[in-house]
Amino acid sequence: MAFFRPRVSREAEVRYHADQEISKSFPELLEKARQAERTLRDLRAADADEIVLLGAGLAFDKALTEALRAAEAGQRATFGVRSYDDRIARRKAKATPAGRLWTDEVERLRTLREENRLWGIPRIPRPVPAVR
């Protein structure tokens, strides 16, 4: 007796291969985010101007977002091609050691990005236009 296993959709295969390609750049993007964080911390330690801190905070946010997207792609690719169509396969893959590793990394990067958005980017008041 032959067991018939449903195939995954073509869209899932395409997304899987795209995520594999995106996740290859994760180490470089993470290093870029670390450098941006180092720059931001050095500027804070040097008591830099708020305009400079704003630019460094936004650059760190952008670098974190790029690293987070690559980590999420790596997470999805680690879960496997079936997990794109099947939520149960996704849950099972999350319970594996590799899936847990990627899930922890994604959560860490999300937390770091949210912390930076809340406290790392200084709020600069907008200039008030002159009234004639």
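**Exercise 1.** State the handedness with which α2 passes α5, then describe the geometry and contact of the pair.

Step 1. α2 passes α5 in a left-handed crossing (the near helix is turned anticlockwise from the far one by less than a right angle; clockwise would be right-handed). The model is predicted, with pLDDT of at least 70 needed for local features and 80 or more for side-chain atom pairs, while totals for chains, interfaces and linings use all residues. Residues are numbered from 1 along each chain as its sequence is written, and side-chain values use heavy atoms, without hydrogens and water.

Step 2. The axes of α2 (residues 26-45) and α5 (residues 97-120) cross at roughly 30° and come within 13 Å. The two helices are therefore roughly parallel (under 35 degrees; over 145 is roughly antiparallel).

Step 3. On the α2 side, the contact (heavy atoms within 4.5 Å) is made by Phe26, Leu30, Leu40 and Arg44. Residues of α5 in this contact include Trp102, Glu105, Arg108 and Trp119.

Step 4. By class, the contact of α2 with α5 has six nonpolar, two polar and three charged residues (nonpolar: Ala, Val, Leu, Ile, Met, Phe, Trp, Tyr, Cys and Pro; charged: Asp, Glu, Lys and Arg; polar: the others, Gly among them).

**Exercise 2.** Determine how α2 and α3 are oriented to each other, and the make-up of their contact.

Step 1. The axes of α2 and α3 (residues 50-79) come within 8 Å and cross at roughly 160°.

Step 2. α2 and α3 are therefore roughly antiparallel, and their crossing is left-handed.

Step 3. Among the contact residues are Ala33, Ala36 and Leu43 of α2, and Ala56, Gly57 and Phe60 of α3. The contact of α2 with α3 divides into 17 nonpolar, one polar and four charged residues.

How values were computed. Axes are lines fitted to C-alpha atoms, for helices over the stretch in contact, and angles run from 0 to 180 degrees between N-to-C directions. Helices (H or I, at least four residues) and strands (E, at least two) are DSSP runs, numbered from the N terminus. Angles under 35 degrees count as roughly parallel, over 145 as roughly antiparallel, 65 to 115 as roughly perpendicular and the rest as oblique.
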